[in-house]
Amino acid sequence: MSRTARAPAPTEMVAASFTTPGVPLSIASRTLPQPARTQVLVRVEAAGVCGSDLHMWHGKVPVRQAPIVLGHEIAGVIVECDAETAPWQPKDRVIVRAASGCRVCVRCLAGEDNLCPNQTVLGMDCDGGFAQFVLTPAANLVPLPAEVSFEAGAILTDAVATPYHAITTRGQLNAGESVVIFGCGGLGTHAVQLARLLGAALVIAVDVRPAALDRASSLGADAVIDSREESAHKAVQRMTEGGADLALDFVGSPETASQAVRCLRTGGRLVIVGMGQEPISLPPPALFAWREHAAIGSFGSTHRDVTEVVGLVQSGRLDLSGSVTGRFPLTGINEALKTLERGE
């Protein structure tokens, strides 16, 4: 038996569509999408604006089709679904994960849905969350408790769950270890909070922007390094006994990756999260092997990661109240992108 919202859904919605790199998103009415089997229609209550949206807007990251609605950090309320999407029902508060795995490949069956070779991504492969409504597979949903705001629910899907995955699953942080974080934007500042929450004994933040370093310090970094003024790896070696246990690179440039690996102690791990396009250099193989360094990639997050992060916020252990620095109506999406671009 079909379950639908009590009030009929509208037939049109407002959406912000990307058409051409560098051109402002087009805000206009379009036909409301209708859910097929195993899909749900979600009313978007909040959508985070991410650096990846900027990259797509400028044409640095390709989208599968144009026009397309950008936006991949989404939280809202279900307005329409059917019996095949049980236990979801209309009026359920939900987080919408951006990536949709095939659910049958080896990676998906192992719980590594972030690595599914057949995944599709909202806001990149199909229409995303810069709209009044979004259509998504029911398998992408995570419950959003009443104690967690829609704004926090939206940003934690990527800006929080991504560093959580990098620190826990890939970096395997142990209590009492030292951590150095390169890049204190949205991912990096949440990494500071998470590293502290997960038991790091020393958290060092590296950036070139004084405001970003001040923010990292306010969120729990024990020390900050302005890499314009001093060599990051020399500063880290000075602050630690032989180097950091774990280095996290949220920039992904040749310079940050090189500095990060040189910050490591013997047996240390480097996790690269930043999606840079330029080749990086590692120490000579003999030195790399002798010191048993590990260089590890980390991409996105899994369904399990998002669920665990929601639990941290719901319990009050992770405070995201300061993570939302601006709110814009859907019609102000272009100003929101420009504000992010200015680093504000």
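Predicted model: local features only at pLDDT ≥ 70, side-chain atom pairs only at ≥ 80, totals over all residues.
Visitor: How many helices and strands does the chain have?

Guide: Helices (H or I, at least four residues) and strands (E, at least two) are DSSP runs, numbered from the N terminus. Here there are ten helices and 17 strands. The radius of gyration, taken over C-alpha atoms, is compared with a globule rule of 2.2 Å times the number of residues to the power 0.38. The chain comes to 21 Å, close to the 20 Å from the rule for 344 residues, so it is as compact as a globular protein of that length. Its C-alpha atoms fill a box of roughly 65 × 40 × 35 Å along the principal axes.

Visitor: What share of the residues is buried?

Guide: Buried means under 20% relative accessible area (1.4 Å probe, protein chains only). Of the 344 residues, 48% qualify.

Visitor: What do the contacts say about sequence separation?

Guide: A contact means heavy atoms within 4.5 Å. Take contacts between residues at least 6 apart in sequence: 71% of them join residues at least 24 apart.

Visitor: How do I read strand pairing?

Guide: Strands of a sheet pair through backbone hydrogen bonds, either parallel or antiparallel. Two strands count as paired if DSSP finds at least two bridges between them. Start with strand E4 (residues 39–48), which pairs antiparallel with strand E10 (residues 133–137) over five bridges. Val 42 has Val 134 in E10 as its bridge partner. E4 also runs antiparallel to E6, with seven bridges. There, Ala 46 faces Ala 75 of E6 as its opposite residue.

Visitor: Where does E6 lead next?

Guide: Strand E6 (residues 73–81) joins strand E7 (residues 93–96) by four antiparallel bridges. Ala 75 stands opposite Ile 95 in E7. E7 then pairs antiparallel with strand E11 (residues 141–143) over three bridges. Val 96 is opposite Leu 141 in E11.

Visitor: Which strands make up the open sheet?

Guide: Three strands, in the order E3-E2-E5, with antiparallel pairing. Strands E3 (26–31) and E5 (68–69) are at the edges with a single partner strand each, so one side of each has no neighbour in the sheet. Strand E2 (residues 12–18) meets E5 through two antiparallel bridges. Phe 18 stands opposite Ile 68 in E5.

Note on methods
Residues numbered from 1 in each chain as written. Heavy atoms only, no water. Buried < 20%, exposed > 50% of the residue type's maximum accessible area, 1.4 Å probe, protein only.
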